[in-house]
Amino acid sequence: MIRSMTGFGQGEARSDEYSVQIEVKSVNHRYLDLFFRIPRQYSPLEEAMRSEIAGRIARGRVEVMLTVEEFGNKERIVHINDGLLQAYLQAIAAVKGEMGSEEVPSLSLILSLPGLLEVDEPPLDFEELQRITLEAMGFALDGVERMRVAEGRRLSADLQDKVEQLEQLCLQLAKLAPQVVEDYRGRLRERLEELLDGTTITEERLLGEVAIFADRASIDEELVRMASHLQQFRETLQTKEPVGRKLDFLVQEMNREVNTIGSKGNNVHIAGHVVTMKSVLEKIREQIQNIE
């Protein structure tokens, strides 16, 4: 069964040291495009999360937000970047000299200067943190997959209906096709009688001209290929693998056949059916843009 590329899921896992919450949302995209919002100190977890996502999602833009809570009293050491402090003080003194100011910068101002205070974080238990992160990721991806599958069912039902519409239109075209030749035969006879004005028209000559036209105007091959494409489309909807690109290719091929039918049909009723078929194919094309 096909799957949509739209989904959302949340997951949480915890241990004695950490609590991890993950949100994953996905939307349609031509390829698999991953975007992470991760606090800098936990960035080493990204590679493992990428691998986990790639194992379960083939296409789509996937956004991941990671939140980690650490438990326990872990010692953190704060120290001053002395070199940076001296550089700041020199810059402040230069500015004061230029302005002729005697103002003394406050301690709060100096301590708020970027990068002046550095914090030594306690070492992470990376193996434990990665374990529960992947556990939370699994729960989040389960939610994403449930939503993508549910949306896929709705898309599949709608596409099946549209395929049936196209099949019915093809049957109507097959019934109209012989009438095109008959109409041409009548128009040709009238035209030749006008031109020849009383001269007898041989049946052989008339049949020869009609045969040439019938060969040029025949849409049998296009209808056979359309039937094949529609059958492949139906079968593809039932597969479990990602099929969005294949469906897109089949729609392009069907559009090509319909355009050819329109150029060869030379009949107002056929032209009406061709317009309807193009409209249905465009709706199908829009729908499959969100199929994985």
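Leaving aside neighbours within four places in sequence, isoleucine 291 is in contact (heavy atoms within 4.5 Å) with Ile2, Arg3, Ser4, Met5, Arg59, Leu155, Leu159, Val243, Gly244 and Leu247. This is a predicted model, in which local features need pLDDT of at least 70 and side-chain atom pairs count only at pLDDT 80 or more, while totals for chains, interfaces and linings use all residues. Residues are numbered from 1 along each chain as its sequence is written, and side-chain values use heavy atoms, with hydrogens and water left out.

Ile291 also belongs to the largest nonpolar core, which has 31 residues, and is one of the members that touch the most others, together with Leu159, Phe233, Met277, Ile284 and Ile288. Such a core is a set of buried Ala, Val, Leu, Ile, Met, Phe, Trp, Tyr and Cys residues joined through side-chain atoms within 4.5 Å, where buried means under 20% relative accessible area, exposed over 50% and partly exposed in between (1.4 Å probe, protein chains only). Two or more residues come from each of α4 (126-196), α6 (220-237), α7 (244-265) and α8 (268-288), and α4 gives the largest share, nine residues. Apart from this core lies another, of 24 residues, including Tyr42 and Val64.

Helix α1 (residues 46-54) has Ala48, Met49 and Ile53 as its buried residues. Because these residues cover an arc of only 135° around the axis, they lie on the same side of α1, the arc being that of the directions from the helix axis to the C-beta atoms. The face turned away from this buried side carries the exposed residues Glu47 and Ser51. Helices (H or I, at least four residues) and strands (E, at least two) are DSSP runs, numbered from the N terminus.
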